[in-house]
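Here is a quick tour of one protein model, written for someone who likes to know the cut-offs. Have a look at the sequence and the coordinates before reading on.

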Amino acid sequence: MLKPLRQGLPPLDPAAVSDAASCALPARYEAVREARRFTRDTLGRWDVGDRFDDVCLVVSELVTNALRHAVPGDPCPTDGLPSVRLHLMRWSERLVCAVRDPSHETPAPRDSDDFSAESGRGLFLVDSFADSWGWHPLAGTLEGKVVWALFRMHPAG
């Protein structure tokens with residue numbers, strides 16, 4: 001079901017980006033709500049049409065996974081320092097959601113036959129709702145990785 005996880009983002013011309021927005025998220029679970037609100041507000045301004053709910057769901061899953069599996073220790077509201085960053089980028093016919101976290105661990109789906117489980121299905125949901133997704137390690141002086149999801153957008157009109 002899942003493609004190889006260590007894959008690069010399809011070629012996207014940075015000069016052709018229509019809109020971009022990002023926000024820093026602290027290492028606490030309330031940050032998922034903040035990411036959803038930021039995404040809803042941003043997508044509302046961008047008028048993404050029928051992909052709105054899909055993108056919001058995938059952002060929730062990516063941020064939850066980053067907080068649950070990639071942030072050292074147990075995420076809690078102790079210091080409030082940003083540890084995860086959400087980036088939204090829109091081209092005329094594509095939208096990319098990217099979540100940067102401090103971990104070098106490979107994102108991997110859990111093996112489970114329990115379809116009633118309340119957790120462990122995040123990457124399966126990302127795979128189901130996004131047109132493609134992947135991850136790559138950060139380069140240079142930045143530590144960690146970026147997990148991204150790409151959505152094809154239908155042109156207006």
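Which residues does Ser83 touch, not counting residues up to four places away in sequence? Counting contacts as heavy atoms within 4.5 Å, they are Leu25, Pro26, Ala27, Val71, Arg100, Asp101 and Pro102.

## Ground rules

This is a predicted model, where local features need pLDDT of at least 70 and side-chain atom pairs count only at pLDDT 80 or more, while totals for chains, interfaces and linings use all residues. Residues are numbered from 1 along each chain as its sequence is written, and side-chain values use heavy atoms, with hydrogens and water left out.

## Around Ser83

Ser83 sits in strand E2; strands (E, at least two residues) and helices (H or I, at least four) are DSSP runs, numbered from the N terminus. With a relative accessible area of 21%, Ser83 is partly exposed: buried means under 20%, exposed over 50%, and partly exposed is in between (1.4 Å probe, protein chains only).

## The cores

A nonpolar core here is a set of buried Ala, Val, Leu, Ile, Met, Phe, Trp, Tyr and Cys residues joined through side-chain atoms within 4.5 Å. The largest one has 35 residues, and Leu25, Val59, Val63, Leu86, Leu95, Ala149 and Phe151 have the most contacts inside it. Elements giving two or more residues to this core include strand E1 (19–26), helix H1 (30–46) and strand E5 (145–152). H2 is the top contributor, with eight residues. There is also a second, separate core of seven residues, with Ala98, Leu138, Val146 and Trp148 among them.

## Helix H1

The 17 residues of H1 should span 24 Å at 1.5 Å a residue, and the end C-alpha atoms are 25 Å apart, which agrees; the expected span is 1.5 Å times one less than the number of residues.

Buried in H1 are Ala31, Val32, Ala35, Phe38, Thr39, Thr42, Leu43 and Trp46. They cover an arc of only 125 degrees around the axis, so they lie on the same side of H1; the arc is that of the directions from the helix axis to the C-beta atoms. Just after H1, Asp47 takes a positive phi of about 50 degrees.

## Cysteines

With a disulfide taken as a pair of cysteine sulfur atoms within 2.5 Å, a search of the whole structure finds zero. For Cys97, the nearest cysteine sulfur is that of Cys56, 8.5 Å away. Cys97 counts as buried because its relative accessibility is 0%.
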